[in-house]
Amino acid sequence: MGNYHHPEIETMPRADIEALQSARLVEAVERVYNTVPAYRKKMEALGVEPRHIKGIEDLHLLPFITKDDLREEYPYGFLGAPLDDVVRIQSTSGTTGRRVVAFYTQADIDLWEDCCARAIVAAGGTKKDVVQVSYGYGLFTGAAGIAGGAHKMGAMTLPMSSGNTDRQLQFMADLEATIIACTPSYAAYLAESIHEKGMRDQIKLKAGIFGAEAWTEEMRHDIEQSLGIKAYDIYGLTELSGPGVSFECEEQAGMHINEDHFIPEIIDPKTGEVLPKGSKGELVFTAVTKHAFPLLRYRTKDITQLNYEPCACGRTHVRMHKPMGRSDDMMIVKGVNVFPSQIETVLMNQGYPANYQIIVTRVKTSDNIEVQVEMTPEMFSDSLTEVSKKEKELVGALKSMLGIYCDVRLVAPKSITRSEGKAQRVIDKRNLY
Amino acid sequence: MNIQQISVFLENRPGAMAAFTKLLQKNNIDLRALSLAETENFGIVRVITDDPMTTVQVLKDGGYICSLTPVIAVAIEDKPGALVDLLDTMGDAGINLEYTYAFLAKKANSACIAFRVTDNEAASKLLAERGIKTLGQEDLPALFE
Ligand SMILES: [Zn+2]
């Protein structure tokens, strides 16, 4: 049994959680229908009215919201509260198209910070802790969420923002930071710098809360070993608040979703059908308590699965697996779901650059998948046997990740074509559609 | 004494070797020796030139991945049995050959053999003890006059 920020909510019996969700959902649908014309239009198109939604069992009747919908209605189309009541915006980076701007009332910020406070407490945080916030401050949600959460649970925050590693380490040592929040790749970088500078003895960290990018169990292990801490995963989306939609407890076996605010569903990304409990599919969230940006049935495009088994930590909220890929990238090869992100993870673990191309072909009825990787000076050796060995290791690692055999082809540097700086990762020559 | 061999990664596809040799030709680099090892998917081409550092620079600028590998080279008499004696000497001393290739010097009656062994130093020492002279980088131009 661990510590909780909101024990009565975090350990609430399942039946009570569902009753609370149902009541909040009915209220949210009524409110959104009346304040967000873009969503009302979607409901009308399906012939759904607020009176049809009597509880979470009716959630599946509601229309989805996609990121494209948000882009089309940019900036105010999904605003659910008068602008007078809005006190803050945050935004996505917009690297893959027009950015999304999310709006917050003071109550929206409070509930978001509460979610982050739960995450910090679950990572062992108390009022005595010093939380170093090394996410970038500004439009991104990472720093604002964690810092706000730390204020709520009463720890002292060091608002370091990202970058300036020397200063990060100086504050970490001088003010004896015990918890660090940043991206996992920055944590790995800080760990390396600490060892290079011989500062390991001056560092008092006990835990890290890492999110905002994909990371593997191997990375977790390396960071934990190198810094002597426990590394916790945290999940969130700007569209839903930011970090803290779900978080890991001391069991480190899936992230507890803050279900009193966010109702999760798993759907088939192709058909939109809700899948049975425990299935792997696309994660959809309904935010039932947010007012300024109240998204109902928002498609995250993250592929994951939910675990309703009771957790040893005592929390009753459902756990989600770390996202295993993106629904828009999913391919079916030899009858198996394959995500480019899985292949990328393997390449990175094996020391290859993340510049790769996946070529899928079909000979008669049999699929073939070839992964082309650019050779690097570090991977090259004068010995044919050495290079072949690395190639075979890569084939083996891909097989164990994907469950199917992939051909590997080492290609010359810079030979994978890039259009506008971004490489086309998947070339599917099967003409399936 | 060693010779700095340049090992280069090549994709196994039509034209890869031609493009590689064209680049060297364009930069007036004479190949003293060339050997190709390949698998189904890729190849490693190994070359010896008079000026390995310049060759490496040209290749890197051309986008190739390459590395320098010290190899042992000896000039042997171009007559039957010469190579057998040499290999026996190495084999008897327990020196493991990773690969070897021959190249012809212009100087009359002289063949050269390049060896990549697990222990360059031991091999050089052994050959010196047997009175077999190993070639250095500076010996190359004379062989090709
Ligand atoms: Zn737990």
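1. Buried means under 20% relative accessible area, exposed over 50%, and partly exposed in between, with a 1.4 Å probe and protein chains only. A:Cys249 counts as buried because its relative accessibility is 1%, and A:Cys311 counts as buried because its value is 10%.

2. This is a predicted model, in which local features need pLDDT of at least 70, side-chain atom pairs count only at pLDDT 80 or more, and totals for chains, interfaces and linings use all residues. Residues are numbered from 1 along each chain as its sequence is written, chains are lettered from A and ligands numbered from 1 in the order in which they are written, and side-chain values use heavy atoms, without hydrogens and water.

3. The zinc ion has as protein donors A:Cys249 (SG), A:His256 (NE2), A:Cys311 (SG) and A:Cys313 (SG), at 2.1 to 2.3 Å. Donors are N, O and S atoms within 2.8 Å of the metal (3.2 Å for Na, K and Ca); water is not among the atoms, so sites may look incomplete. The sequence spacing of the donor residues is C-x6-H-x54-C-x1-C.

4. The arrangement is tetrahedral because the four donor atoms subtend angles of 103 to 113° around the zinc ion. Four donors count as tetrahedral if all angles lie between 85 and 135 degrees. The ideal angle for four tetrahedral donors is 109.5 degrees.

5. Helix H8 (residues 184-196) and helix H9 (residues 217-227) of chain A have axes that come within 10 Å and cross at roughly 30°. Helices (H or I, at least four residues) are DSSP runs, numbered from the N terminus. Axes are lines fitted to C-alpha atoms, for helices over the stretch in contact, and angles run from 0 to 180 degrees between N-to-C directions.

How values were computed. Four donors count as tetrahedral if all angles lie between 85 and 135 degrees; four count as square planar and six as octahedral if opposite donors are over 155 degrees apart and all others between 65 and 115; anything else is irregular. Helices (H or I, at least four residues) and strands (E, at least two) are DSSP runs, numbered from the N terminus.
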